[in-house]
Amino acid sequence: MSDIETPSPAMAKAPTAKPWIQAIHAYVPGKSKGKDGRPLIKLSANENPLGTSPAALAAKAQAPAVYPDPDSTALREAIGARHGIDPARVVMGTGSDELLNLAAQGYAGPGDEVMYVRYGFSVYDIAARRCGATPIIAPDADYGTDVDALLALVSDKTRVVFVANPNNPTGSYMPKGEIARLHAALPTDVLLVIDQAYGEYVAPQDDDGALALAEAHRNVLVTRTFSKIFGLAGERIGWATGAPDIIATLNRIRGPFNVSGTGQAMAQAAMADVDFVEASRIHNLDERTRFVERITALSNHGLRPLPSQANFVLILFEGLLTAEAAFDGLADRGYIVRWLPGQGLPQALRITIGKAEDMYVIASALREMAEAAK
Ligand SMILES: *Cc1c(COP(=O)(O)O)cnc(C)c1O
């Protein structure tokens, strides 16, 4: 027996994650329970309050023992037909989250810069860091996306620019002219990713022109999702379109069977159920309009709803009632919304547009709390 001691497990060297991975703050999902574990009505994750199309639910049965179509062929053809896009220019993802990450990974790495705006979607920060690139955060203009601020930060290291339109968590929207101006001023070797997760909520006449840019240029990728208006957040299905080279890049690095067979069938049925999608859009428009009116009426108490083109509203609390107190007060009344101190927004709540009665109760509760605040 040798008397050399083997090191205790606690002393032995452990694998070390890369420093750029260690710098990532893991995504914080919208919660569905209160602090005491009570289930609450969830208006924290921008899900569809009308649920899922019955046609999509009916499409659910799929043989689980066989691998799905690795290319989601029928689904891509349906997407192509719906949007007038060549299906060869469409790639599917495990949610659009996968595609956002792959876009960064495909075009940026250590030493490169990936840009997005402050108060942007938190996945962009993860996507930038995950591939070892340096995140560059452009200042906002009163919570909205500021094209000039983005352009001012472009350098010869910039590889990818992410913008969500409408943006999450602010709900702000860049009109077609601003998107075109941003694209026109970017170097042609910078990939512009336009994330249209809420695109179906935007009125057709307000289209931002992103899909047309992706069709016409070699440096634009547009991402969409089945998680929001289509009510399929649980199935994890997103898609993206862009120039053939970009699609080929993403196809090289995506998971080979990244969309389940059930998911492919449900997404196709959900897209075909145009009545459900339109009803969801109209419900959102009506209830969002009413809710914003009710909150705007509380401006004398410092509540300020930001204009939104999405299925949620960001309310700023600039008076005596704080966002944190309002968050707790809504939880006491059975609702969980999104308070975002971790994203630099301790003064704001993001509230998903839910059912009519819930939006009424929430607006009334906010009035009661604002009037009582001192
Ligand atoms: C919800 C959301 C997504 C969609 O994520 P999935 O992975 O498709 O569920 C993408 N971008 C933004 C801005 C979102 O809010």
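## Salt bridges, cores and a helix

Student: How many salt bridges does a search of the whole structure find?

Tutor: The search finds 17 salt bridges, where a salt bridge is a side-chain nitrogen of Lys or Arg within 4 Å of a carboxyl oxygen of Asp or Glu. This is a predicted model, in which local features need pLDDT of at least 70 and side-chain atom pairs count only at pLDDT 80 or more, while totals for chains, interfaces and linings use all residues. Residues are numbered from 1 along each chain as its sequence is written, and side-chain values use heavy atoms, with hydrogens and water left out.

Student: OK, which residue does D71 form a salt bridge with?

Tutor: D71 pairs with R254, and their closest N and O atoms are 3.1 Å apart. The pair links distant parts of the chain, 183 residues apart, as D71 sits in the loop between α2 (54-58) and α3 (73-83), and R254 in the loop between α9 (244-253) and α10 (261-272). Those helix names come from DSSP runs numbered from the N terminus (H or I, at least four residues, for helices; E, at least two, for strands).

Student: And is R254 buried or exposed?

Tutor: R254 counts as buried because its relative accessibility is 13%, whereas D71 counts as partly exposed at 39%. Buried means under 20% relative accessible area, exposed over 50%, and partly exposed in between, with a 1.4 Å probe and protein chains only.

Student: What about R181, which residue is its partner?

Tutor: R181 forms a salt bridge with D148, with the closest N and O atoms 3.0 Å apart. This pair too links distant parts of the chain, since R181 is in helix α7 (residues 176-185) and D148 in helix α6 (residues 147-152), 33 residues apart. R181 is partly exposed, with a relative accessible area of 33%, and D148 is partly exposed as well, at 45%.

Student: Which residues are linked in a network of salt bridges?

Tutor: D142, R304 and E318 are linked in such a network.

Student: Changing topic, how many residues has the largest nonpolar core?

Tutor: The largest nonpolar core has 46 residues, and those with the most contacts inside it are M92, I194 and F226. A nonpolar core here is a set of buried Ala, Val, Leu, Ile, Met, Phe, Trp, Tyr and Cys residues joined through side-chain atoms within 4.5 Å. Helix α10 gives the most to this core, with five residues.

Student: Where does this core lie, then?

Tutor: It lies between domain 1 (29-49 + 276-372) and domain 2 (55-272), because both give residues to this core; the domain bounds come from an automatic or database domain assignment.

Student: What is F226 in contact with, leaving aside its neighbours within four places in sequence?

Tutor: Its contacts (heavy atoms within 4.5 Å) include L75, I79, M92, W239 and M271. Apart from that core lies another, of 28 residues, among them L43, F327, I336 and M359.

Student: Which residues are buried in α13?

Tutor: In α13, D358, M359, I362, A363, A365, L366, M369 and A370 are buried. They cover an arc of only 160 degrees around the axis, which puts them on the same side of α13; the arc is that of the directions from the helix axis to the C-beta atoms.

Student: And V361, is that residue buried or partly exposed?

Tutor: V361, which is found in helix α13, counts as partly exposed because its relative accessibility is 36%.
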